[in-house]
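Please follow each point with the coordinates open.

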Amino acid sequence: MDKHIELCYAIRRTVRFCVFDQKVEKMDLKVTSIPASAFQEYRHDVIFKAYKWDLQAGEQSTIGDKVILLEPTDARFLAETAISLYHETVAMERALKNRPDLGIFMGISKEMATAIHNCTYEPETHIRLMRFDFHPTESGWAISEVNSDVAAGYPEASILPLLAEPFFDGYTRYGDFRKLFADSLKKHVPNGGTIAYLHDTRIVEDYQILRFLGDTLERAGYQSVYLSPGHIKWNHNKAIHTDGIVRCFPVEFLEYTNGVDWISFLNSHTPSCNHPMALLTQSKRLPLVWDQLDIEVSTWREMLPETVDIAQARQDQGFILKPAFGRTGEGINIPGTVSEEENREIISAAHKSPDQWVAQKRFQSKLFYNMHLCIGAFVINGQFAGFYGRVSDRLKIDADASDVPVLVRK
C-alpha cells in the first residue's frame with residue numbers, strides 16, 4: 001500500500017472517534033464586531049499592514065467589522081477534520097495521476113490530463129497547500145469544496161487575527177500560517193535563493209497575496225521576483241535563475257496562456273507551491289469519481305453535501321449547479337442570489353458543457369448575527385496552518401463577502 005494512503009487511513013482512524021461525532025452537536029461560536037470607535041483605525045491597519053489594497057468589490061467593502069469567535073472544541077474539530085481531508089485528497093491525487101480518463105471526465109482537457117499522467121512528480125520536492133471551506137449549517141459543520149490548487153486568504157489568516165486580538169480578551173489566533181509556510185519553503189529552497197511569485201500581473205488582488213508571502217520570505221533572507229508565468233524560462237525542466245516557484249495562477253490557465261511552457265511546469269524540478277498535480281483535485285467533479293478509486297474518503301463523504309452529475313439533479317430537489325473550476329462563488333445558482341435570467345444562463349451553460357459542471361445538494365446555512373459564514377482551514381504539508389473567515393448577508397459566499405478575523409478562546 002502507498003505510504004501516503006496508509007497514512008490517510010491511520011489519521012482517519014485516530015481522528016474518527018475523537019472529533020467526528022461532534023458534527024451534529026450544537027456549534028458554540030459567535031459573530032461580534034470590532035468596537036465602532038476603533039474600526040477606522042482597524043480598517044487602516046488592515047489596508048496597510050494586512051495587504052488589503054484591493055478593498056472594494058463593486059460598491060461592497062471587503063473589509064468587514066465582524067469577528068468570528070470560536071470555542072476550542074470547534075477549532076480543534078475544524079483543524080483535525082481539515083488534516084484528515086488533506087490526507088484523503090493527497091491519496092486521491094496520487095491515484096488520479098494514473099487515471100487520465102478520470103481526469104478528462106472531471107473536466108480537464110485531454111492534453112493536460114495526458115501530460116499530468118506522463119509527468120515526473122516527486123512530492124517530497126514541493127510544498128502542498130490546500131484550503132478547505134467549512135460552513136456552519138443547521139445540522140452541524142459541512143464543507144463546500146477544497147481550494148486545492150490556488151487558495152487565497154494567506155494575509156487574512158495571518159494578520160487579521162493579530163489586529164483583532166487586542167479587542168477581545170481571552171481570545172487568540174489559532175495556527176501560524178506565516179511561520180509554517182516559511183519553514184516549509186526553507187526545507188526546499190537554499191538560503192538566499194530567488195523565489196518567483198507568479199500571478200496575472202493585471203490583477204492587484206493576486207499581487208497583494210503574493211507580496212505578503214514575498215515580504216515574509218525576504219525577512220528570512222530570500223530574494224523575490226513577481227512575474228507572469230510566461231516570464232519563466234526553462235532548461236532541462238529547471239526554471240532559469242529561479243530557486244522556487246509560488247503560483248497564484250490557476251493550472252488550467254497555464255495551458256491556454258500564450259508564451260507559457262506549461263509542460264515544463266508539470267515536469268519541474270524546481271520546488272513549487274503547488275505543483276500542477278493539484279489540478280486533479282481542484283475539480284468540483286472530484287466526488288463523481290470516488291467510487292472508481294481504491295481510496296478511503298470517509299471524511300469527505302461525511303462532510304460534503306451530496307454531489308452528482310447534473311443529469312441526475314433538479315433545482316426543485318434542492319440541488320444547485322457549480323462550475324467544475326469555478327472560484328469565489330462564480331456561476332453558482334443558489335436561489336435568492338441570482339436573477340431569473342442569470343439562473344437560466346447558468347442552467348443553459350451547464351447543459352451545453354455538462355463535463356464542466358456539477359450539481360451539489362444545498363445545505364441550510366446557519367445564521368450568526370444575521371450573517372452567513374465560511375471558515376477556510378489551511379493545511380500545509382499535512383499540518384494545520386490557520387483560519388480564514390468570510391461573512392456575507394447573502395447565502396452565497398462570493399467575491400462580495402467581507403474578510404474577517406477568526407479568533408479562538410484561549
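1. Helix 8 (residues 177-186) packs against helix 9 (residues 204-218) at an angle of about 65 degrees, and their axes are 10 Å apart; helices (H or I, at least four residues) and strands (E, at least two) are DSSP runs, numbered from the N terminus, while axes are lines fitted to C-alpha atoms, for helices over the stretch in contact, and angles run from 0 to 180 degrees between N-to-C directions. That angle makes helix 8 roughly perpendicular to helix 9, on a scale where angles under 35 degrees count as roughly parallel, over 145 as roughly antiparallel, 65 to 115 as roughly perpendicular and the rest as oblique.

2. Please bear in mind that this is a predicted model, in which local features need pLDDT of at least 70, side-chain atom pairs count only at pLDDT 80 or more, and totals for chains, interfaces and linings use all residues. Residues are numbered from 1 along each chain as its sequence is written, and side-chain values use heavy atoms, with hydrogens and water left out.

3. At the contact between these two helices (contact means heavy atoms within 4.5 Å), Phe177, Arg178, Phe181, Ala182 and Leu185 of helix 8 meet Phe212, Leu213, Thr216 and Leu217 of helix 9. By class, this contact of helix 8 with helix 9 has seven nonpolar residues, one polar and one charged, where Ala, Val, Leu, Ile, Met, Phe, Trp, Tyr, Cys and Pro count as nonpolar, Asp, Glu, Lys and Arg as charged, and the others, Gly among them, as polar.

4. An open sheet of four strands has the order 1-4-20-7 with mixed pairing; two strands pair if DSSP finds at least two bridges between them. Strand 1 (29-33) and strand 7 (171-172) are at the edges with a single partner strand each, so one side of each is left without a neighbour in the sheet. Strand 7 runs antiparallel to strand 20 (residues 406-409) and is joined to it by two bridges, with Val408 in strand 20 as the bridge partner of Thr172. Helix 3 (residues 72-97) packs on this sheet, where it touches strand 4 (66-70) and strand 20, and its direction makes about 90 degrees with that of strand 4. Strand 4 itself pairs with strand 20 in the parallel sense over three bridges, and Ile68 has Val406 in strand 20 as its bridge partner.

5. Three further strands form an open, antiparallel sheet in the order 14-16-15. Its edge strands, strand 14 (307-308) and strand 15 (319-323), each pair on one side only. Five bridges join strand 15 to the antiparallel strand 16 (residues 357-361), in which Trp357 stands opposite Pro323.

6. Two backbone details lie in loops. The peptide bond from Cys273 to Asn274 is cis, with omega near -10 degrees, and Asn274 lies between strand 13 (272-273) and helix 12 (279-282). Asn237 has a positive phi of about 65 degrees although it is not a glycine, and lies in the loop between strand 10 (234-235) and strand 11 (238-239).
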